[in-house]
Amino acid sequence: MLMRTDPFRELDRLAQQLMGPGTWSKPSAMPMDAYREGDEYVVAFDLPGVSADAIDVDVERNMLTVKAERRPVAKADDVQMELSERPLGVFSRQIVLADTLDTEHIQADYDAGVLTLRIPIAERAKPRKISIGVGSGRKEISG
């Protein structure tokens with residue numbers, strides 16, 4: 001038998017039970033980090049226990065949508081569940097991407113339960129030098 005020592009974990013478990021598992025019409029949120037690394041914008045989503053084929057990444061215009069589903073593990077008939085805290089169901093997150101990102105060249109990697117998206121910064125958004133032309137002289141306005 002397992003014993004818990006964190007009294008607040010029970011409150012978290014009760015809140016999760018009341019809200020129920022995420023469904024496709026009402027998915028649960030997934031934690032993420034977002035940061036800029038050089039000429040890329042990186043977004044990392046925590047999806048432990050989710051198989052890669054249960055993850056869906058879509059981009060429409062500048063809206064990035066990530067959906068994933070954690071399915072129950074098949075159990076034998078003689079298994080009796082003692083404790084179940086790992087949430088099951090559907091998880092989703094939508095992010096509005098800036099126009100300065102190149103959504104045509106997004107790279108997605110999934111390793112150790114973390115989905116990492118690398119979105120390059122568009123060439124038009126990168127800093128560049130503007131050359132300055134020098135005029136040849138005065139111009140007269142007549143009229």
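The model is predicted, so local features need pLDDT of at least 70 and side-chain atom pairs count only at pLDDT 80 or more, while totals for chains, interfaces and linings use all residues. Residues are numbered from 1 along each chain as its sequence is written, and side-chain values use heavy atoms, with hydrogens and water left out.

Side chains of opposite charge can pair when their charged atoms come close. A salt bridge here is a side-chain nitrogen of Lys or Arg within 4 Å of a carboxyl oxygen of Asp or Glu. Searching the whole structure gives three salt bridges.

Start at Arg118. Its side chain meets that of Glu37 in a salt bridge, with 3.0 Å from N to O. Arg118 is in strand 7 (residues 114-120) and Glu37 in strand 1 (residues 32-37), so this pair links distant parts of the chain, 81 residues apart. Strands (E, at least two residues) are DSSP runs, numbered from the N terminus.

Arg118 also forms a salt bridge with Glu40, where the closest N and O atoms are 3.2 Å apart. Glu40 lies in strand 2 (residues 40-46), so its pairing with Arg118 in strand 7 ties together parts that are 78 residues apart in sequence.

The remaining pair is Arg71 and Glu69, whose closest N and O atoms are 3.7 Å apart. Salt bridges that share partners join Glu37, Glu40 and Arg118 into one network.

Now consider accessibility. Partly exposed means between buried (under 20% relative accessible area) and exposed (over 50%), using a 1.4 Å probe and protein chains only. Arg118 is partly exposed at 22%, as are Glu37 at 40% and Glu40 at 23%. Arg71, at 44%, counts as partly exposed, and Glu69 is partly exposed at 23%.

Note on methods:
Helix = DSSP H or I, 4+ residues; strand = E, 2+ residues; numbered from the N terminus.
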